[in-house]
Amino acid sequence: MDWDDLRIFLTVAREESLSRAGRRLGMDASTVGRRVARLETALGRVLFAKTPQGYAVTPEGAALVPHAEAAEVAAQAAAEALTQGGLTGQLRIGAPDGCANYLMPQLAARLMDEHPGLEIQIVALPRVFNLSRREADMAIAVSRPQTGRAAIQKIADYRLHLAGHADYLDRHPPILGPADLRGHRMIGYIPEMIFDRELDYLSETGADHAALSSNSVSVQMQAIRAGAGLGIVHDFAIPFAPGVRRVLTDRIALTRSFWLLRPADDRRSARLNRLAEAVALGLRREVARLEALVDAQG
């Protein structure tokens with residue numbers, strides 16, 4: 001049995017599509033299909049059933065998946081043994097866009113400086129990642145999953161506050177208490193696009209709706225910078241937004257957490273264990289560094 005065919009089989013099983021598997025593997029869908037057919041011929045088994053939704057593994061294919069995953073781990077271990085201590089290869093990290101925009105670039109830069117053979121892909125999406133389909137090697141989440149087989153590790157707590165741009169604040173009466181927020185334009189998430197309950201911040205300001213809303217943290221921050229209104233922002237994002245100031249810090253203060261999620265089977269990989277620790281430590285340090293900058297500004 002050709003390991004490369006087994007690798008392609010595993011990618012199709014995770015992606016449930018020849019075209020998506022091809023994009024992950026860097027080959028066209030017809031080549032992926034031929035390689036799967038070659039493996040089926042070699043094994044004398046039908047591994048996939050074509051459905052309107054894509055390619056679903058058959059019972060025979062499902063029985064092969066754990067063996068293919070074990071071979072994948074063994075291949076990774078062999079590669080690790082030859083790296084002489086440095087981390088190499090590709091790492092795809094999924095993250096909500098606030099983390100992806102304001103924390104991940106600095107983390108990626110440091111990791112690649114320390115490990116020149118490492119290639120990092122940052123996937124910023126305002127939704128939960130499907131690790132079973134290998135949309136990412138690991139993902140940052142804003143709440144701890146209650147179901148599934150993911151390996152879960154808490155990274156760090158982070159803070160959020162109500163904030164506005166200095167130009168906006170100068171044009172409006174002083175905000176001395178929550179009652180003073182009446183009449184202000186609020187900026188927040190589109191309610192039906194909040195993919196995690198931990199992102200439902202608006203109620204904590206006493207406001208019942210946002211006059212300007214987006215599913216993107218970065219868009220919300222740019223709106224605040226433009227003087228469009230007030231919104232809840234991550235403290236770690238404020239150093240990247242000159243002129244944005246926190247208000248009512250003693251009355252409206254939120255704390256949330258980042259969690260690192262990985263497929264449970266990846267705990268057998270020394271390389272991925274090292275990468276997970278490096279990511280968790282790097283994010284923890286970056287949150288602390290940026291929040292300290294904001295505290296120093298007052």
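The legends below describe several close-up views of a predicted model.

Residues are numbered from 1 along each chain as its sequence is written, and side-chain values use heavy atoms, with hydrogens and water left out. Because the model is predicted, local features need pLDDT of at least 70 and side-chain atom pairs count only at pLDDT 80 or more, while totals for chains, interfaces and linings use all residues.

View 1. A nonpolar core is here a set of buried Ala, Val, Leu, Ile, Met, Phe, Trp, Tyr and Cys residues joined through side-chain atoms within 4.5 Å, where buried means under 20% relative accessible area, exposed over 50%, and partly exposed in between (1.4 Å probe, protein chains only). The largest such core holds 61 residues, of which Met 138, Ile 140, Phe 236, Phe 258, Val 279 and Leu 283 touch the most other members. Helix H9 (residues 270-297) gives the most to this core, with nine residues; helices (H or I, at least four residues) and strands (E, at least two) are DSSP runs numbered from the N terminus. Once residues up to four places away in sequence are set aside, Leu 283 touches Cys 99, Leu 103, Met 104, Leu 107, Ile 140 and Ile 155, contact meaning heavy atoms within 4.5 Å. A second, separate core of 17 residues includes Ile 8, Leu 18, Ala 21 and Phe 48. In soluble globular proteins, nonpolar side chains tend to be buried together.

**View 2. Helix H6 and its packing partners.** Within helix H6 (residues 104-114), the residues Met 104, Gln 106, Leu 107, Ala 108 and Leu 111 are buried. The buried residues of H6 pack against strand S3 (89-95), helix H5 (97-102), strand S4 (118-124) and H9. Ala 95 has its place in strand S3, and Ala 95 counts as buried because its relative accessibility is 0%. From C-alpha to C-alpha, Ala 95 and Ala 124 are 5.2 Å apart in space, although 29 residues apart in sequence.

**View 3. The crossing of helices H2 and H3.** The axes of helix H2 (residues 18-25) and helix H3 (residues 29-43) come within 8 Å and cross at roughly 100°, the axes being lines fitted to C-alpha atoms, for helices over the stretch in contact, and the angles running from 0 to 180 degrees between N-to-C directions. Leu 18, Ser 19, Ala 21, Gly 22 and Leu 25 of H2 make the contact with Ala 29, Val 32 and Gly 33 of H3. The residues of this contact divide into five nonpolar, three polar and no charged, where Ala, Val, Leu, Ile, Met, Phe, Trp, Tyr, Cys and Pro count as nonpolar, Asp, Glu, Lys and Arg as charged, and the others, Gly among them, as polar.

View 4. Strand S1 (residues 48-51) and strand S2 (residues 54-57) run antiparallel and are joined by four bridges, two strands being paired if DSSP finds at least two bridges between them. Ala 49 stands opposite Ala 56 in S2, and a hairpin of two residues joins S1 to S2.

**View 5. Strand S9 between its neighbours.** Strand S9 (residues 230-234) is mostly covered, with five of its five residues buried: Leu 230, Ile 232 and His 234 lie on one side, and Gly 231 and Val 233 on the other. Strand S6 (residues 151-165) runs antiparallel to S9 and is joined to S9 by four bridges, with Gly 231 as the bridge partner of Ala 163. Strand S7 (residues 186-188), by contrast, pairs with S9 in the parallel sense over two bridges, and Met 186 stands opposite Leu 230.

**View 6. Two non-glycine residues with positive phi.** Glu 16, in the loop between helix H1 (3-15) and H2, has a positive phi of about 60° although it is not a glycine. With a relative accessible area of 37%, Glu 16 is partly exposed. Leu 248, in the loop between S10 and strand S11 (253-262), likewise is not a glycine and has a positive phi, of about 50°. Leu 248 is buried, with a relative accessible area of 8%.
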